[in-house]
Amino acid sequence: LLLLSLARGSPFTEGLNEYDLKDVRSVAYDSLFLARDEVKGTDDDDDDVNDKPQEDVGDITYWIYEAKTDDGVFTKEGIPLMREAEDTIATNTNYNEYCRLIYEEDGSSKCEKPLSVLNIYYASEWNSTLAQEVIEALTPDTRDLFNELAPCVIFKIRCDAATNQTLTDHVEMLNEKIVNIVSTWDGMGELNKNVDEVTKFIAHINELETKRDAVNFYIDKNFNVLNTVTKYSRSIFWWGELLNGTKNEDESEEKLKKFIVDNLLKSWNKITGNNNGEVKSYFFQISLLFEIIIIILRNDALLAISSFLAVFFYLRFMIGSWFLAAVGMFEIFMSLPLAWFTFSYIFQIKYFSALNVLCIFIVIAIGADDIFVFMDAYKQSATKGKEVVSSLETRMSWVFRRSGWAMLLTSATTCAAFLITLVSPIASTASFGLFAAFVILYDYFLVMSLYCTAVVIYHNLFETKECCCSCDFWVKNDPTPTKIAFEKEETGDVVELDRVSRFFKEKLAPFILIGRNRIFIAIPLVTLLTVTAIYSFKLESTTSAEQFLDDDHPLQKASTILDKEFPRTQEDDNSKVFFVWGLENVNRKGVNQLLKPDSIGKPVFVEDFAFNEECQTKMLKVCQILRTDDRFEDFIVREKGLRMIDCFVEELGAFNVMSFTDDPDRCTAVKTQEWTSEKWQVPPSNLSSTMKLFTPTPTCYGDKSIVNYYEDSMGWDGSKLRYAAISLDSSILSPNTNQGEDQVRRHYDTFIKFAKELDDTMGVCQSKTIMTDLDQGFVYMNNQRIYGSTAFLGAFLGVVIAFLVLFVSTRKLHVSVFACLSILAVLVGVIGSTTIFGWTLGTTEAILISILAGFSVDYVIHLAHAYVHAEGNTDERIIAAYSDMGISVFSGMLTSVVASIPLFFCTLTFFAKFGTFLCTTIVFSWIFANFGFMCLLAQFKIPITKKWW
């Protein structure tokens with residue numbers, strides 16, 4: 001097994017395709033994703049060849065600043081602290097060898113200026129008089145006028161509103177003043193003595209739609225002309241690629257990482273640990289994320305090991321044998337590779353979810369519980385009469401029947417509860433449930449075989465010996481413990497119970513049997529259930545990005561601030577939303593994610609897709625609607641006041657009319673759309689030849705060629721345009737974080753409605769409209785809904801399965817009903833507790849709730865089984881059940897709690913929540929099994945008969 005594991009490498013499947021294959025959002029996503037990859041694979045055009053070192057962006061460093069005072073970060077005291085952080089990079093003597101270089105026409109180069117507000121506060125020049133003139137001129141009315149006329153004045157578009165030449169001249173003069181001031185923002189001077197004036201100027205510029213790009217990246221969402229205090233600011237440094245001396249991206253990344261670790265990281269950590277009273281600084285370096293996560297995983301793994309050791313020592317304490325404790329932990333551990341071998345090699349399931357790591361903690365808790373049940377049955381067998389202890393064979397036969405049946409019931413119920421996850425269309429959840437079921441199954445087999453064998457060895461060699469260092473320690477016991485027990489039965493000697501068992505038999509059981517005591521028990525239980533039930537109904541779906549790390553971890557703090565505190569700007573990494581024509585829905589035939597995780601289907605192109613003159617005209621019209629329609633105002637990011645729409649038809653139309661590549665005014669013509677007054681559409685007969693000339697030309701929106709800039713939206717394979725799309729920059733979606741379902745759904749509903757409208761107008765293209773993104777933002781939105789719905793479905797089905805197992809095994813309806821009421825109480829208690837803890841229903845919480853029933857059944861089933869198989873009336877059966885199973889259930893509960901406590905301190909949020917969830921579930925299960933279920937039996941006193949009820 002170890003050799004197979006090493007040969008296979010990491011067993012985990014990359015979670016790229018975790019979605020419902022049949023959902024319209026995943027279908028739309030894969031339709032474009034697979035089509036794009038197929039077209040890129042057949043395109044003969046090479047990617048842009050870049051022979052200039054460090055011209056491409058290899059990585060970025062964020063500096064994030066958080067004010068510690070109510071004055072914000074833009075203060076005379078705070079700004080130098082920000083400068084100190086950024087100087088760790090900018091003043092490094094080797095920075096020029098690693099920064100991103102900007103090349104001039106003469107071949108010279110210089111480091112790209114960092115995107116930082118310090119460029120403003122440390123501007124080489126500051127014309128205070130001119131700045132005051134601009135501030136005074138930008139009254140609310142003037143700002144509105146500027147926003148209305150600036151597109152015409154600056155970009156020569158939307159000039160139908162510029163009918164008053166006097167007002168236009170006024171806006172043009174104001175624009176020249178602003179340009180004059182902004183042109184000096186180079187960060188090369190001293191700190192401006194009038195910080196407040198600069199801040200006020202920034203606030204006014206931020207109100208101008210065509211100018212706010214110069215400042216909006218640096219300020220938080222609450223900053224405006226009425227509130228010139230920003231609690232947060234940020235900056236970006238760009239690192240170049242390929243670095244000198246490297247041959248590929250991997251070598252370049254390694255060289256950059258080594259430079260940062262050797263020269264910068266120590267000073268960065270010193271800056272972030274600075275206890276000044278003004279500004280808290282955080283850094284966010286993309287290339288270091290993996291190293292940081294590895295450190296976190298290592299530390300959390302140590303906590304997992306401590307959990308394992310804690311259970312081992314507790315087993316030793318309760319069992320009283322190092323040998324049995326060691327064998328017990330070994331069999332618990334061995335259930336994992338055996339399950340993995342069966343899962344991966346026998347059943348050939350290739351999707352191995354990262355969630356499967358949780359099975360380590362699950363099997364520790366359940367496996368230890370099984371060991372206690374087996375050992376308690378073994379110890380109790382010594383007092384069950386001469387027939388039982390007449391020989392080791394008869395004794396172990398009794399132990400097998402008593403413990404084996406009890407463990408079979410709990411293991412079967414738990415396995416079934418985990419197998420319920422197979423109803424989930426999410427492959428990772430189904431993979432986890434199936435693997436967990438195998439783990440529980442093998443744990444049962446190993447307890448009944450390996451551990452049973454160890455108990456026989458313990459009985460024959462070690463049980464009656466106190467010291468492992470004595471010479472006779474390995475000598476066979478004579479007489480054996482079974483023979484001693486037989487002799488005691490013959491002489492009538494009473495074997496005393498241990499203190500815990502005596503407590504359950506002599507204290508708790510009689511206490512439960514007194515009516516008024518059950519009232520005292522009912523009051524807190526009903527109160528607890530009522531409170532948690534109320535909070536259960538208050539559980540809401542998450543409305544924000546889910547956290548990966550603990551709240552106080554600097555990396556999480558930086559990520560949270562970036563995600564929540566700043567407006568989405570043109571400088572951010574925004575997801576694009578596409579409207580696509582020329583594609584059918586992806587072909588999913590033969591796709592099975594569990595067996596073939598990498599196979600998600602094949603793209604299907606519309607054979608009759610017609611990119612004719614009418615289709616081109618309609619696509620241009622769609623671009624204009626997206627740029628101007630008020631419905632999309634809150635959903636599309638702006639750059640220089642204009643919505644960020646990628647529309648290759650515009651550049652194609654201008655190219656067809658003007659047929660230029662090097663005209664310096666060509667991009668102005670593209671944006672003003674002067675060419676639309678002529679015959680700009682490309683006839684289908686000329687499309688192939690035109691595209692071959694058009695695709696290598698540089699785009700007007702960056703330094704890439706047309707074919708590379710529009711690689712996602714222009715399906716050109718070198719000879720044929722197989723699909724065409726229009727894309728926009730989303731104001732909500734990001735490739736780096738996932739937002740809450742409600743927030744994204746509003747976004748999705750707006751665009752899908754528009755896509756359906758386009759189906760009525762884009763018929764000339766001979767294709768339906770597909771709307772999607774390529775960062776799975778809409779897919780994840782649907783996943784959140786699935787997690788929420790399947791969570792409660794799984795919990796409910798778990799209760800149903802528990803009832804069926806109990807009813808078939810006990811054949812007593814009232815026992816099964818009372819046990820299921822106890823399980824339902826646990827479900828309500830745990831779900832309500834999650835709300836009390838401040839959790840919302842996100843992915844983590846939904847997965848945990850879906851497996852809740854599997855954790856909730858063990859204790860109540862053990863007590864129910866012991867109660868049914870005892871003899872006598874109700875009171876006698878309750879006493880017998882507590883006597884036989886009280887200590888086993890208590891030890892199992894305590895072991896699970898001990899196993900969960902180290903997880904509380906994990907940095908990874910998922911493990912910390914799982915630890916809290918596990919502990920809460922186990923405690924509630926123990927409470928409601930011992931006090932809820934047993935009180936119901938004592939209260940109703942329904943006799944056990946041969947009937948099924």
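**View 1. Cys647 and its partner Cys623.** Cys647 is buried, with a relative accessible area of 1%. Welcome to this predicted model, where we begin with the disulfide formed by Cys623 and Cys647, whose sulfur atoms are 1.9 Å apart. The link is right-handed, with 85 degrees about the S-S bond. Cys623 lies in helix α21 and Cys647 in the loop between β11 (645–646) and α22 (648–658), so the pair ties together parts that are 24 residues apart in sequence. Cys623 is buried too, at a relative accessible area of 0%.

**View 2. The disulfide of Cys615 and Cys765.** Here the S to S distance is 2.0 Å. The torsion about the S-S bond of Cys615 and Cys765 is about 100 degrees, so this disulfide is right-handed. With Cys615 in helix α21 (residues 613–628) and Cys765 in the loop between α26 (741–761) and β14 (770–773), the pair ties together parts that are 150 residues apart in sequence. Look for both Cys615 and Cys765 among the buried residues.

**View 3. The disulfide of Cys99 and Cys111.** The structure holds three disulfides, and this view shows the one joining Cys99 to Cys111, with an S to S distance of 1.8 Å. Its torsion about the S-S bond is about -75 degrees, so the disulfide is left-handed. Cys99 sits in the loop between α3 (78–90) and β2 (101–103), while Cys111 belongs to strand β3 (residues 109–111), and the two are twelve residues apart. Cys99 is buried, its relative accessible area being 0%.

**View 4. Cys820 and Cys919, seen with their closest cysteine sulfurs.** Cys820 is in no disulfide: the nearest cysteine sulfur, in Cys415, is 18 Å away. Cys820 counts as buried, at 7% relative accessibility. For Cys919, the closest cysteine sulfur is in Cys906, and because the distance is 14 Å, it is too far for a bond. Cys919 is buried as well, with a relative accessible area of 14%.

View 5. Leu302, Ile305, Leu309, Phe313 and Trp322 make a nonpolar surface patch of about 520 Å². Helix α11 (residues 289–319) gives the largest share of this patch, four residues. Trp322, by contrast, has its place in helix α12 (residues 322–346). Is Trp322 buried or partly exposed? At 47% relative accessibility, Trp322 counts as partly exposed.

Key:
Residues are numbered from 1 along each chain as its sequence is written. This is a predicted model: local features need pLDDT of at least 70, side-chain atom pairs count only at pLDDT 80 or more; totals for chains, interfaces and linings use all residues. Side-chain values use heavy atoms; hydrogens and water are left out. Patches are made of residues with over 30% relative accessible area and no salt bridge: like charges are joined within 9 Å, nonpolar side chains (Val, Leu, Ile, Met, Phe, Trp, Tyr) within 5 Å. Accessible areas come from the Shrake-Rupley method with a 1.4 Å probe; for residues, only the protein chains shown count as cover. A salt bridge is a side-chain nitrogen of Lys or Arg within 4 Å of a carboxyl oxygen of Asp or Glu. Buried means under 20% relative accessible area, exposed over 50%, partly exposed in between (1.4 Å probe, protein chains only). A disulfide is a pair of cysteine sulfur atoms within 2.5 Å.
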